[in-house]
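The following questions and answers concern local features of one protein chain. Please consult the sequence and structure while reading.

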Amino acid sequence: MPGKARAKILVVLHQEHSSAGRVGHVLIENGFDLDIRRPPLGDNLPETLVGHAGAVVFGGPMSANDHDEFVRRETDWLTVPLKENRPFLGICLGAQMLVNHLGGKVEGHGDGLVEIGWYPIKATEEGRKLMHWPEMVYQFHREGFSLPKDAVLLASSDTYPNQAFRYGDNAWGIQFHAELTRVMMQRWVVRGAERFVLPGAQPGRDHLGGRLIWDMHLKRWLDEFLVEIFGRGMGVRE
């Protein structure tokens with residue numbers, strides 16, 4: 001007899017060779033298939049998520065404020081998971097698109113500071129109720145976002161105060177990157193080296209050195225965070 005069909009998670013990536021990284025690994029290990037779409041390369045997005053267990057929109061080098069057709073299309077598409085109350089996670093660019101969709105603002109730091117490297121975050125009271133958060137996270141962004149109306153702030157930092165939030169029951173946004181494998185980080189450090197001279201950025205050696213110290217804690221947090229978002233499908237909670 002054929003086996004039971006695996007539930008699908010919609011994965012939205014923004015470059016030809018982008019990967020879902022650890023997020024994809026954890027979801028696959030917990031029984032999901034990945035339905036990967038790349039809107040900048042012409043892929044469409046589903047009109048409904050009825051056939052999916054949720055969606056993840058990842059980061060990219062573009063801005064959520066860009067006027068590219070796919071940026072507007074993705075931002076408008078977020079009506080689908082919100083209206084259908086499907087689990088949704090936005091990471092960096094994905095979180096910023098969600099903020100724009102909800103009427104918030106995405107912009108750079110007033111003093112031109114960036115977060116590129118490892119930086120401390122602090123969970124809010126609401127965040128601590130959910131889980132234990134890492135003290136340091138990996139960042140790679142030049143813009144941050146305001147907290148949308150009615151959203152719950154889960155984690156903060158000094159330079160960019162809004163680092164993680166929940167909107168409603170099933171929509172989540174995070175500014176930082178927990179999805180990077182070692183190979184992904186090495187690629188980012190090579191390809192993004194010109195950004196390390198920006199105000200507040202860290203040199204490449206600190207990206208890789210920090211990984212040896214803090215990555216284990218960040219990975220553990222990611223596992224728990226994905227259970228919090230997609231837990232029903234992962235069979236971890238009722």
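Q: In which strand is Q139 found?
A: This is a predicted model, in which local features need pLDDT of at least 70 and side-chain atom pairs count only at pLDDT 80 or more, while totals for chains, interfaces and linings use all residues. Residues are numbered from 1 along each chain as its sequence is written, and side-chain values use heavy atoms, with hydrogens and water left out. Strands are DSSP runs of E with at least two residues, and helices are runs of H or I with at least four, numbered from the N terminus. On that basis, Q139 lies in strand β8.

Q: Is Q139 buried or exposed?
A: Buried means under 20% relative accessible area, exposed over 50%, and partly exposed in between, with a 1.4 Å probe and protein chains only. Because its relative accessibility is 0%, Q139 counts as buried.

Q: With which side chain does the side chain of Q139 make a polar contact of 2.8 Å?
A: A polar contact is a pair of N or O atoms within 3.5 Å; within protein, one must be able to donate a hydrogen and the other to accept it, and residues adjacent in sequence count only if both atoms are side-chain atoms. The side chain of Q139 has such a contact with that of H141 at 3.4 Å. The polar contact of 2.8 Å is with the side chain of Q163.

Q: Where is R142 placed, and is R142 buried or partly exposed?
A: R142 sits in the loop between β8 (136-141) and β9 (143-145). Because its relative accessibility is 43%, R142 counts as partly exposed.
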